[in-house]
Amino acid sequence: MSSNPATILDLPQPGWAGDDVAMLYDMAVKFLEAEIAPRYAEFERAEIFDRESWKKAGAAGLLCASMPEEYGGSGGTYAHESAIIEAISHVGVDGFGIALHNSIVAPYILHYGSEEQKRKWLPRMATGELIGAIAMTEPGAGSDLQGVKTSARRDGNHYAINGSKTFITNGQLANLIIVVTKTDPAKGAKGTSLIVVETDEVDGFERGRNLDKIGLKSNDTSELFFNDVRVPTSNLLGNDEGQGFVQLMQQLPQERLQIGATAIAAIERALALTIDYVKERRAFGKAVMEFQNTQFKLAELKTEATVGRVFYNNCVERHVNGGLDPTTASMAKYWLSDLQGKVMDECLQLHGGYGYMNDYPIARMYRDARVQRIYGGTNEIMKLLIARSL
Ligand SMILES: Cc1cc2nc3c(=O)[nH]c(=O)nc-3n(C[C@H](O)[C@H](O)[C@H](O)COP(=O)(O)OP(=O)(O)OC[C@H]3O[C@@H](n4cnc5c(N)ncnc54)[C@H](O)[C@@H]3O)c2cc1C
């Protein structure tokens, strides 16, 4: 059994969706089913997507949907980005790294970039010519971003960037990377600055290996090395140096919400696939669905998925209206990704041995889910942030 489009299309659509968001969701599902799903196994084996798929997504309007039209985008909001993210997980092509490009990288340029920077980068991000990444994590600094060591030393009208990053999503394909640097190491967080590196235009930039992960195989994740990489000082995001930490804190809530979007959509897909499976699979002369244990498990999971969906939709509504506080965004990231892990585990169990076979989508969904509790700030860090608000 592969994915079941009829079931997927029956899934609840975003509750806050206006007609244009619902239309974008439908269009994204159709595009992903026609263009990406048939080649997804190939990308999983290659452990990377091809650039062509990005360009096709750009042509179909799935890149930079929330960027203003004057910069090549579609003029939407986070609700539109959410529709695309949910379509990706509903169709089951979770390794397609456009969500990070769209709703994390592009917004930094929109919110902190100069007019010149926006005109230079956003239109090419909207076509897929530029593929975005954000490089925060280093071998010695993950949860504790204040420990970033990558330095950007000013030299006339250039910065010389030195350091290394790891675990960077889209790291092999990206040619526009927002690098978290220290422009003034003595000042700690206040010496942090975000600098854009267009990799095609610099010397001294190297990609390490495409890291060997347990899940999200088709999404490339890399080490990156900066050896005296010189970029113009005009590549700094924001008017002044030292704004990087504040910029990160302002943007991380949307990144966390986006992880919640992936979680709730994957939960819904897993449930749809599992309900289909247990209705067909027979044991002891009846469908597995007829065992009371199956019914109770699925009743519990469906209830939790519904609670999760209502919470997620409420977060989106608040975010689109400018009222989502960082604490609630942390709750969404932590709770929905935890629930995703639980649902994948229970749904795999209901598939029996077939659930452990890669022929069945639930096997991959189980592996793909695990990282959701780690990246974007671990769930332990989310709890720290929530606790601080108490
Ligand atoms: C597939 C993948 C993709 C990623 N993509 C990106 C990307 O695109 N860009 C990017 O910059 N990074 C990315 N990351 C990195 C990710 O954000 C970090 O792995 C994450 O923030 C955790 O950092 P760490 O791995 O250094 O773990 P550590 O910080 O070493 O944490 C180890 C453990 O200690 C716990 N811990 C740490 N501090 C505390 C504390 N104060 N209290 C309680 N517990 C604590 C953590 O929760 C964790 O369980 C990615 C990671 C993965 C696996």
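The ligand is surrounded by 18 residues, a residue being counted when one of its heavy atoms lies within 4 Å of the molecule. The closest of these residues are Thr137, Ser143, Thr169, Thr378 and Glu380. The model is a predicted one, in which local features need pLDDT of at least 70 and side-chain atom pairs count only at pLDDT 80 or more, while totals for chains, interfaces and linings use all residues. Residues are numbered from 1 along each chain as its sequence is written, and side-chain values use heavy atoms, with hydrogens and water left out.

A polar backbone atom of phenylalanine 167 is 2.8 Å from a nitrogen atom of the ligand.

Helix packing was examined next, with helices taken as DSSP runs (H or I, at least four residues) numbered from the N terminus. Axes are lines fitted to C-alpha atoms over the stretch in contact, and angles run from 0 to 180 degrees between N-to-C directions. Helix 2 (residues 19–36) packs against helix 5 (residues 78–91) at an angle of about 35 degrees, with axes 8 Å apart. This crossing is right-handed, the near helix being turned clockwise from the far one by less than a right angle. Residues in contact have heavy atoms within 4.5 Å; among them are Leu24, Ala28 and Leu32 in helix 2 and Ala83, Ala87 and Val91 in helix 5. By class, this contact comprises 12 nonpolar, 2 polar and 3 charged residues.

Helix 8 (residues 244–280) and helix 11 (residues 361–369) pack at about 155 degrees, with their axes 11 Å apart. The two helices are therefore roughly antiparallel, a description applied to angles over 145 degrees. Their crossing is left-handed. Ala266, Arg269, Ala270 and Leu273 in helix 8 meet Pro361, Ile362, Arg364 and Met365 in helix 11. These residues divide into 6 nonpolar, no polar and 2 charged.

Helix 10 (residues 326–350) and helix 12 (residues 379–388) cross at roughly 145 degrees, their axes coming within 9 Å. The crossing is left-handed. The contact has 5 nonpolar, 4 polar and 3 charged residues.

Terms used
Angles under 35 degrees count as roughly parallel, over 145 as roughly antiparallel, 65 to 115 as roughly perpendicular and the rest as oblique. Ala, Val, Leu, Ile, Met, Phe, Trp, Tyr, Cys and Pro count as nonpolar, Asp, Glu, Lys and Arg as charged, and the others, Gly among them, as polar. A polar contact is a pair of N or O atoms within 3.5 Å; within protein, one must be able to donate a hydrogen and the other to accept it, and residues adjacent in sequence count only if both atoms are side-chain atoms.
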